[in-house]
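Subject: Model handover and notes

Dear colleague,

Here is the structure I promised to pass on. Please open it alongside this message, as the notes below refer to it throughout.

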Amino acid sequence: MVPTGQAAPAFLSLAAHPLRWRLLTALAAGDYRVRELVDLLGHPQNLVSYHLRLLRRSGLVTAHRSSFDARDSYYHLDLERCAHALTATGLALHPALRLEPTPATPAPPTTAEPPARPRVLFACTGNSARSPIAEALLRHRTADHVEVTSAGSHPKPRIHPHAVRVLREHYGIDIADQRPRHLDTVAGHRFDHLISLCDKVREAYPEFGHQPRRTHWSIPDPAVGSDNDQASYPAFRHMAAEIDTRIRYLLPVLTRATNPEIQP
């Protein structure tokens, strides 16, 4: 007997609306404020805000106050939750439609010149926690197939001890000898991707004449106390896990754009 009366999965109902789908695709590329989404999509703010509320209610989209201007909020799409929702949607239609990761296929041997490595710059204010963690995790996950660096608009004297600890304990990466650097030191370099990890540094990027792709990840600063404040360490673990998740979803973007050797 063919089942009847089965409601469509919630994700399908949400994503099927044209404006919500455009919001999802915009937020899949990075974090935005409402007024930026209004300009990007060309719809009135009250309509954009209404559909954002529906997406927030579903848990697909989250929002938090900007650290640059507390009157603003940044909206973020939870790609991990979207992946689970898509899997559940396929299974609701047929048990054979389980989404599985595509196995990596080795590139055939070639004597041609290897493709250029994509160049990525991560930035935050102090270059002591968020951006060096992102730099280290992207380098680790791509086995040096990406040229990656990080810098800050107001660099701190040293990398935060909790940033060093969380990378060593949870990812097996040692950045103890790394030192924060200023954005001015990389202003003349060429990058394919500029990724800001805090709301303040997004407003202070130097000009890059070659028009790299700009992406914003609005991630709160976990360093709320002194460098020796042990109570803040769980916030560093949470922050590193969020950055690692975002990097895993960045890898296919880098792969598609420049280098087939980068595997998600």
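This is a predicted model: local features need pLDDT of at least 70, side-chain atom pairs count only at pLDDT 80 or more; totals for chains, interfaces and linings use all residues.

Numbering runs from 1 along each chain as its sequence is written, and side-chain values use heavy atoms, with hydrogens and water left out.

Whole chain

The chain has 9 helices and 7 strands; these are DSSP runs numbered from the N terminus, with helices being H or I of at least four residues and strands E of at least two. Of its 264 residues, 43% count as buried. Buried means under 20% relative accessible area, exposed over 50%, and partly exposed in between, with a 1.4 Å probe and protein chains only. The accessible surface is about 14,600 Å², and carbon and sulfur atoms hold 54% of that; areas come from the Shrake-Rupley method with a 1.4 Å probe, and for residues only the protein chains shown count as cover. Among contacts in the chain with a separation of 6 or more, 65% are between residues 24 or more positions apart, a contact being heavy atoms within 4.5 Å.

Helix packing

Two packed helices are described by the angle between their axes and the distance between the axes. Axes here are lines fitted to C-alpha atoms, for helices over the stretch in contact, and angles run from 0 to 180 degrees between N-to-C directions. Angles under 35 degrees count as roughly parallel, over 145 as roughly antiparallel, 65 to 115 as roughly perpendicular, and the rest as oblique.

Helix α4 (residues 45-58) packs against α3 (residues 34-41) at an angle of about 110°, with the axes 9 Å apart. α3 is therefore roughly perpendicular to α4. From α3, Val34, Leu37 and Val38 meet Gln45, Val48, Ser49 and Leu52 of α4.

α4 also packs with α2 (residues 18-28), here at about 75° and with the axes 10 Å apart. α2 is thus roughly perpendicular to α4. On the α2 side, Leu19, Arg20, Leu23, Leu24 and Leu27 take part, meeting Leu47, Val48, His51, Leu52, Leu54 and Leu55 of α4.

For α6 (residues 130-142) and α7, the axes come within 10 Å and cross at roughly 25°. These two helices are therefore roughly parallel to each other. Ile133, Ala136, Leu137 and His140 of α6 make the contact with Ala163, Val166, Leu167 and Tyr171 of α7. α6 passes α7 in a right-handed crossing. In α7 (residues 161-171), the buried residues include His162, Ala163, Val164, Val166 and Leu167.

Single residues

Asn127 is in the loop between β4 (119-124) and α6. Most residues other than glycine have a negative phi. Asn127 is not a glycine, yet its phi is positive, at about 50°. It has 0% relative accessibility, so Asn127 counts as buried. Its side chain makes a polar contact of 3.0 Å with the side chain of Ser150; a polar contact is a pair of N or O atoms within 3.5 Å, where within protein one must be able to donate a hydrogen and the other to accept it, and residues adjacent in sequence count only if both atoms are side-chain atoms. A polar atom of the Asn127 side chain also lies 2.8 Å from the backbone nitrogen of Arg181. Leaving aside residues up to four places away in sequence, Asn127 touches Pro132, Ser150, Ala151, Gly152, Ile159, Arg179, Pro180 and Arg181.

Arg33 sits in strand β1 (residues 32-33). Arg33 counts as buried because its relative accessibility is 8%. The side chains of Arg33 and Glu36 are joined by a polar contact of 2.8 Å. Beyond residues up to four places away in sequence, Arg33 touches Asp72, Ser73, Tyr74, Arg202 and Glu203.

Regards

Technical notes
A crossing is left-handed if the near helix is turned anticlockwise from the far one by less than a right angle, and right-handed if clockwise.
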